[in-house]
Amino acid sequence: MEKFDINKIIAHYGISENIPELAKLFFPHVKYPKQAFDRVLKGEATLDVDQVQKLAEYLFVLTHELFNID
């Protein structure tokens with residue numbers, strides 16, 4: 001089974017400057033979305049299925065492509 005690595009995806013697609021935008025996309029109802037996303041980046045939390053789907057849509061790729069980043 002392939003592992004989902006958000007940091008590898010961010011590096012691969014060169015979207016590190018979009019972290020605040022991604023945080024708002026993933027955590028729209030959280031008071032401090034950047035802090036919530038920082039926990040994901042540190043490995044203290046994970047994205048759920050809906051958030052992974054949002055990331056795929058944001059990047060215009062199929063969801064399974066996010067699991068095959070080398």
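## The contact of α2 with α4. Glu21, Leu22, Leu25 and Phe26 of α2 meet Gln51, Lys54, Leu55 and Tyr58 of α4. These contact residues divide into five nonpolar, one polar and two charged. Nonpolar here covers Ala, Val, Leu, Ile, Met, Phe, Trp, Tyr, Cys and Pro; charged covers Asp, Glu, Lys and Arg; the others, Gly among them, are polar. Contact means heavy atoms within 4.5 Å. The model is predicted: local features need pLDDT of at least 70, side-chain atom pairs count only at pLDDT 80 or more, and totals for chains, interfaces and linings use all residues. Residues are numbered from 1 along each chain as its sequence is written, and side-chain values use heavy atoms, with hydrogens and water left out.

**View 1. The crossing of α2 and α4.** The two axes come within 10 Å and cross at roughly 135°. Axes are lines fitted to C-alpha atoms, for helices over the stretch in contact, and angles run from 0 to 180 degrees between N-to-C directions. α2 and α4 are therefore oblique to each other. Angles under 35 degrees count as roughly parallel, over 145 as roughly antiparallel, 65 to 115 as roughly perpendicular and the rest as oblique. The crossing of α2 and α4 is right-handed.

**View 2. The buried face of α2.** Helix α2 spans residues 19-26, and Ile19, Leu22, Ala23 and Phe26 in this helix are buried. Seen down the axis of α2, the buried residues fall within an arc of 105°, so they line one face of the helix. The arc is that of the directions from the helix axis to the C-beta atoms. Buried means under 20% relative accessible area, exposed over 50%, partly exposed in between (1.4 Å probe, protein chains only). Helices (H or I, at least four residues) are DSSP runs, numbered from the N terminus. An α-helix has 3.6 residues a turn, so residues three or four places apart point the same way. The buried residues of α2 pack against α1 (6-13), α3 (33-41) and α4 (49-59).

**View 3. The contact of α2 with α3.** The axes of α2 and α3 come within 8 Å and cross at roughly 100°. That makes α2 roughly perpendicular to α3. From α2, the contact draws on Ile19, Leu22, Ala23, Lys24 and Phe26; from α3, on Pro33, Lys34, Phe37 and Leu41. By class, the contact has seven nonpolar, no polar and two charged residues.

**View 4. Pro33 in α3.** Pro33 sits in helix α3. Its relative accessibility is 15%, so Pro33 counts as buried. Not counting residues up to four places away in sequence, Pro33 touches Ala23, Lys24 and Phe27. Pro33 and Pro20 are 13 residues apart in sequence, yet 7.9 Å apart in space, C-alpha to C-alpha.

**View 5. α1 and its contact with α3.** In α1, the buried residues are Ile6, Ile9 and Ile10. Seen down the axis of α1, they fall within an arc of 100°, so they line one face of the helix. They pack against α2, α3 and α4. The axes of α1 and α3 come within 9 Å and cross at roughly 100°. That makes α1 roughly perpendicular to α3. Ile6, Asn7 and Ile10 of α1 meet Phe37, Val40 and Leu41 of α3. The contact residues divide into five nonpolar, one polar and no charged.

**View 6. The two faces of α4.** Gln51, Val52, Leu55, Ala56 and Leu59 in α4 are buried. Seen down the axis of α4, these residues fall within an arc of 145°, so they line one face of the helix. They pack against α1 and α2. The face turned away from the buried side carries the exposed residues Val49 and Asp50.

**View 7. Leu47 in the loop between α3 and α4.** Leu47 is found in this loop. Leu47 is buried, with a relative accessible area of 13%. Not counting residues up to four places away in sequence, Leu47 touches Phe4, Ile6, Phe26, Phe27, Val40 and Val52. Leu47 and Ile6 are 41 residues apart in sequence and 8.8 Å apart in space, C-alpha to C-alpha.

**View 8. Phe60 after α4.** Phe60 lies in the segment after α4. Its phi is positive, about 60°, although Phe60 is not a glycine. Phe60 is exposed, with a relative accessible area of 76%.

Conventions:
Left-handed = near helix turned anticlockwise from the far one by under 90°.
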